[in-house]
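Subject: Handover of a structure

Dear colleague,

Please find below the structure that I am handing over to you. I would be grateful if you could read the notes that follow alongside it.

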Amino acid sequence: MNQPDDDKTKTHVTLTSGTKISHYRIIEKIGAGGMGEVYLAEDTALNRKVALKFLPLHLCQDADCRARFKREAQAAAKLNHPNIVTIHEVSEFDGRPYFSMEYLEGQSLRDLIKQKEVPLSQTVQIAIQLCEGLQEAHANGVIHRDIKPANITCDSKGHCKILDFGLAAVHGGEHLTKTGSTLGTVGYMSPEQARGEEVDARSDLFSCGAVLYELITGRSPFKAESDVVTIKNVIEALPEPLARYKNDVPDELQRIVGKALTKEKSLRYQHADELAADLRRLISDEFLPSRVLQRLRRIVFPSLAVACLVTLLL
């Protein structure tokens, strides 16, 4: 028989607007997923807005879920970078683990892609920021393992941050995933992830390539009618060329995306800063000259036309 104070029969406090949690005051619920419920809150001690992420009630008694939730906070908290969400505090309220993190005003790349076509210059800048955040994570022994548009947020100024380290693998940390299990999001995971093999930083770079492909074309490179076929595509199929969906893609950008999405990880980009360097060179070699050329067309070409007309009149 359960005891009256058994956690499984305990009535938990409902989190609503105005609920006080330590020095936080709940404002509203702003998101929910398989491993967390996110609330906008006011930090009354520092007079700022924060996001509070709680483990869902139905998972609070699962030791593995509690450990993974705590590991998410620890993985992100050990990273200090402008392109990674900042964790403030890890605690527990009414038997529910939660952590406090910076509140990001903006929208996810998933929503951005749905709303409009992202210009190539903005796409490359977003990808560079993603690479810089991943380089910091990888240098500190953290493999994200779930890079996808929904886990990247951009504000109105184009500044992007990586969030949701719930599936992260931390070097030297406890292993919460059984060997041979598939972990990640179908359509963005690397071939080695899809096969249930051990992954490293190069797996995140494959996922980065998938995000870059979707930013350019507006569609996932491997998405199919079912998860089974999608996984098969991730492991075996080559994505359609970028030019099929966007006709002004530079050849060098096609090469970069192709290398990031290479099935064999030894032939893929080996480090995030290598991918970022190629993207920076692309900006200097492709986009900047095109802007200069456009300016010349606006200024010089009309002047030449006028000069020719005057010559003909004379």
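In which sense do strand β5 (residues 87-93) and β6 pair, and over how many bridges? The two strands pair in the antiparallel sense, over six bridges; strands count as paired if DSSP finds at least two bridges between them.

Some remarks on the basis of these notes come next. This is a predicted model, in which local features need pLDDT of at least 70 and side-chain atom pairs count only at pLDDT 80 or more, while totals for chains, interfaces and linings use all residues. Residues are numbered from 1 along each chain as its sequence is written, and side-chain values use heavy atoms, with hydrogens and water left out. Helices (H or I, at least four residues) and strands (E, at least two) are DSSP runs, numbered from the N terminus.

All seven of the seven residues of strand β6 (residues 96-102) are buried, so the strand is largely enclosed by the rest of the structure. Buried means under 20% relative accessible area, exposed over 50%, and partly exposed in between (1.4 Å probe, protein chains only).

The hairpin of β5 and β6 has two residues between the strands. Asp 94 lies in this loop, and its phi is near 55°, a positive value in a residue other than glycine. Asp 94 is buried, with a relative accessible area of 19%.

**The largest pocket**

The largest pocket has a volume of about 880 Å³. Among the 32 residues that line it, Val 38, Ala 150, Asn 151, Leu 163 and Asp 164 are the closest to its centre. A pocket here is an open set of points on a 1 Å grid over the protein atoms alone, where a 1.4 Å probe fits, with protein on both sides within 12 Å along at least five of seven lines; lining residues have an atom within 4 Å of a point. The volume is the space filled by probe spheres set on the points, which are joined across faces, edges and corners.

Strand β2 gives the largest share of the lining, four residues. Asp 164 lies in the loop between β10 (160-162) and β11 (169-170) and has a positive phi of about 60° although it is not a glycine. Asp 164 is partly exposed, with a relative accessible area of 27%.

Yours sincerely
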